[in-house]
Amino acid sequence: MPTQTTPSLSPYDWIPPGEGVNWSSIGQHGWHLVGLPTWLGNRVLTELGTESGAVIQDDLVHTMTWLIPLGSAEGRTLPLHADTTGDEGNIFVPGMARTRTTYWRVKPDANRLLTDCARLLAALEAVQNNLRARRPTS
């Protein structure tokens with residue numbers, strides 16, 4: 001008699017099951033990160049629309065983090081408020097079912113993991129230019 005297996009909710013083995021969280025080394029799984037404060041990240045996510053890959057939101061430190069291709073931010077000058085890391089450091093990777101504190105704002109799947117770094121930075125620049133244009137002049 002065949003046994004039925006429950007499919008994993010996670011498309012990647014480095015994402016913990018259920019509501020768990022893994023402390024993961026940056027660069028270990030083929031991606032680097034670009035982080036933004038949540039107030040700015042929300043606007044950038046809207047600007048990117050369906051061009052955004054997976055995004056981790058952390059409500060404790062008020063950040064949104066995009067996974068970008070390994071090495072794609074090297075040598076780039078990042079706009080104000082953007083933060084990136086090379087292979088240094090760690091990040092909490094939330095489980096697919098997690099909905100609080102640190103969670104997937106945009107869940108990864110087989111076709112939606114990494115965000116093109118140039119497109120992400122262009123969206124950030126567009127948002128920042130729009131915010132500057134709205135400021136009243138003194």
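Visitor: Which strands each supply at least two residues of the lining of the largest pocket?

Guide: This is a predicted model, so keep that in mind while reading. Rolling a probe the size of a water molecule over the atoms shows where empty space is left. Here, the strands that each supply at least two lining residues are S2, S3, S4, S5 and strand S6 (90-94). S2 gives the most, with 5 residues.

Visitor: What is the volume of the largest pocket, and which residues are the closest to its centre?

Guide: The volume is about 310 Å³. The lining has 20 residues, and the closest to the centre are Leu33, Thr63, Thr65, Asn90 and Ile91. Sorted by class, the lining holds 10 nonpolar, 8 polar and 2 charged residues.

Visitor: How is the sheet read, and what is the order of its strands?

Guide: The order is S5-S2-S4-S3-S7, in an open sheet of 5 strands with antiparallel pairing. Strand S5 (83-85) and strand S7 (102-106) are the edge strands, each pairing on one side only. On average, neighbouring strands are turned by 30° against each other, direction ignored.

Visitor: How many bridges join S2 and S4?

Guide: S2 and S4 pair over 7 bridges in the antiparallel sense. In this pair, histidine 32 stands opposite isoleucine 68 of S4. Strand S2 (residues 31-37) also pairs with S5, over 3 bridges, and there glycine 35 has aspartate 83 as its bridge partner.

Visitor: Which residue in S4 is the bridge partner of valine 55?

Guide: The partner is tryptophan 66. S3 and S4 run antiparallel and are joined by 4 bridges. Their hairpin has 4 residues between the strands, and histidine 62 in this hairpin takes a positive phi near 55°.

Visitor: Is threonine 65 buried or exposed?

Guide: Compare the relative accessibility with the cut-off: buried means under 20%. Threonine 65 has 11%, so this residue counts as buried. Threonine 65 is in strand S4, where 5 of the 7 residues are buried.

Visitor: Which residues does threonine 65 touch, not counting those up to four places away in sequence?

Guide: Threonine 65 touches Leu33, Val34, Gly35, Ala54, Val55, Ile56 and Ile91. Leu33 and Ile91 were also named among the residues closest to the pocket centre.

Visitor: Where does helix H1 lie?

Guide: Helix H1 (residues 38-48) lies across S2, strand S3 (55-58), strand S4 (63-69) and S7. The helix runs at about 45° to S4.

Technical notes: Residues numbered from 1 in each chain as written. Predicted model: local features only at pLDDT ≥ 70, side-chain atom pairs only at ≥ 80, totals over all residues. Heavy atoms only, no water. Pairing = 2+ DSSP bridges. Axes fitted to C-alpha atoms, helices over the stretch in contact; angles between N-to-C directions. Contact = heavy atoms within 4.5 Å. 1 Å grid on protein atoms, 1.4 Å probe; cavity = no way out; pocket = protein on both sides within 12 Å on 5 of 7 lines; lining within 4 Å. Points joined across faces, edges and corners; volume = space filled by probe spheres on them. Nonpolar A, V, L, I, M, F, W, Y, C, P; charged D, E, K, R; others polar. Buried < 20%, exposed > 50% of the residue type's maximum accessible area, 1.4 Å probe, protein only.
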